[in-house]
Amino acid sequence: MLSTFKNAWKIPELRKKMLFTLFMLLVYRLGSHITVPFMNKEAIAQLFSGNNAGVLTFLDMMAGGNFSNFTIFAANITPYITASIVLQLLTIAIPSLESLAKEGDTGRKKIAKYTRYLSIAIALVQAIGFTFVLFKDAVLAHTLLQKLVVILSIVAGTALLIWIGEQITEKGIGNGISIIIFAGIIVRMPRDLYQSFLLVKMGRVHWAFLALYIVLAIAIVFFVVILNEGERRIPVQYAKRVVGRKMYGGQSTHIPIKVLMTGVMPIIFANSLLAIPSTLIMFTGPGKFQDFVIKWLTPQGGPGIVIYVLLSIVLIIFFTFFYTTIQFNTVEYSKNLQQNGGFIPGIRPGKPTSDYLGRSVNRLVLPGAIALAILTVLPTILTRVAHLRFNYGGTSILIVVGVILETARVLEQQMLMRHYKGFLKK
């Protein structure tokens, strides 16, 4: 992997993309130091040390530390992720959106535009909740114009993050949304590690728990690499065709099916949905509903940790299958094989091929999805039992490792494409 980044840096075109990605991340980190105007930092700090500290810490983890500092990126990229989930689900339910998704680049651009509009609407609702409910005691704005400035600052920050993510995806390296979340986690990790060492030094946490967490983190990295690199190759044979005096086809190849072709997106989607109850209590304030959510739907509650873990497993498995279905359409793949004279040995073309591919993908994805879910929740349980300061470490580790592997894979593909282009020019 290190050699991949090193070789990519030597290529001017890829080096330019890597520098552009780093520049966009620099803009993101600079924006993380611009606080929203008319906010009392001392009042915000008191909120994070109060009874709802666990819920707020979870939202802060998703925001990469921008929530506790209440910067312009306080709402983070979460509205965009939520909007993406909603639009993708609606694409299956609404025929007009489904046909739009099949129109190629034109349809995808329209869906992306709808996603951006919905993201801004969600960010606006969150900003109103921050200003008038959750942080109302910390807001120093008195006039309507001042409160409007606070709301627009948060919405503008989310819009800027969406733009940065799309620019990285289009002109940089890798998936921009994943890289933004990756950057936020990386920034927090040294602080979490330092705080955990301090707890061990003060005797509040046994050193064995910290050692166990480190061993578990290394094991997670090892297994995630195996899951990302594992694949099944389905053989494909192309029939021979005679065109004029030349014979075409007849070669053998294969369809590579990854164990985890979805990357870290199921984890990001699952965590975004699990954050919805914590976000809703911002609008209700203290009361029975807030106590219910904290007790039953967050890891801070006794029953909540069990429910949270079970929901995490179910949602990660669901989104792994859901995202795999979107990425690998077995019906379209079967049609393309048949049109190009390809077939899987022993399987008839058409629907039998589609069914065979579907069964093969499901059998491969199911154990991968279960393993991914278990690897995600194990550190969460450990941090809850041991009272370590690694907030949702399993999710963080998987996202970090997954994004690095995904970025390295994108670089390898681009270097391979560049090699083929250079060969064709010769």
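At what angle do the axes of helix α9 and helix α10 cross, and within what distance do they come? In this predicted model, the close-up views below begin with that pair of helices.

**View 1. Crossing of helix α9 (residues 144-171) and helix α10 (residues 176-202).** The two axes come within 7 Å and cross at roughly 115°. On the α9 side the contact is made by Leu-161, Ile-164, Gly-165, Ile-168 and Thr-169, while α10 contributes Gly-176, Ile-177, Ile-179 and Ile-180. Sorted by class, the residues in this contact of α9 with α10 are six nonpolar and three polar, with no charged residues.

**View 2. Buried residues of helix α14 (residues 288-296).** Gln-290, Val-293 and Ile-294 are buried in this helix, and they lie on the same side of α14 because they cover an arc of only 95° around the axis. In general, an α-helix has 3.6 residues a turn, so residues three or four places apart point the same way.

**View 3. Phe-38 in the loop between α2 (12-31) and α3 (41-48).** Phe-38 has a phi near 65°, which is a positive value in a residue other than glycine. With a relative accessible area of 32%, Phe-38 is partly exposed. Most residues other than glycine have a negative phi.

**View 4. Asn-76 in the loop between α5 (66-69) and α6 (78-93).** For Asn-76, too, phi takes a positive value in a residue other than glycine, here near 60°. Asn-76 counts as buried, because its relative accessibility is 3% and the cut-off for buried is under 20%.

Methods: Residues are numbered from 1 along each chain as its sequence is written. This is a predicted model: local features need pLDDT of at least 70, side-chain atom pairs count only at pLDDT 80 or more; totals for chains, interfaces and linings use all residues. Side-chain values use heavy atoms; hydrogens and water are left out. Buried means under 20% relative accessible area, exposed over 50%, partly exposed in between (1.4 Å probe, protein chains only). Helices (H or I, at least four residues) and strands (E, at least two) are DSSP runs, numbered from the N terminus. The arc is that of the directions from the helix axis to the C-beta atoms. Axes are lines fitted to C-alpha atoms, for helices over the stretch in contact, and angles run from 0 to 180 degrees between N-to-C directions. Contact means heavy atoms within 4.5 Å. Ala, Val, Leu, Ile, Met, Phe, Trp, Tyr, Cys and Pro count as nonpolar, Asp, Glu, Lys and Arg as charged, and the others, Gly among them, as polar.
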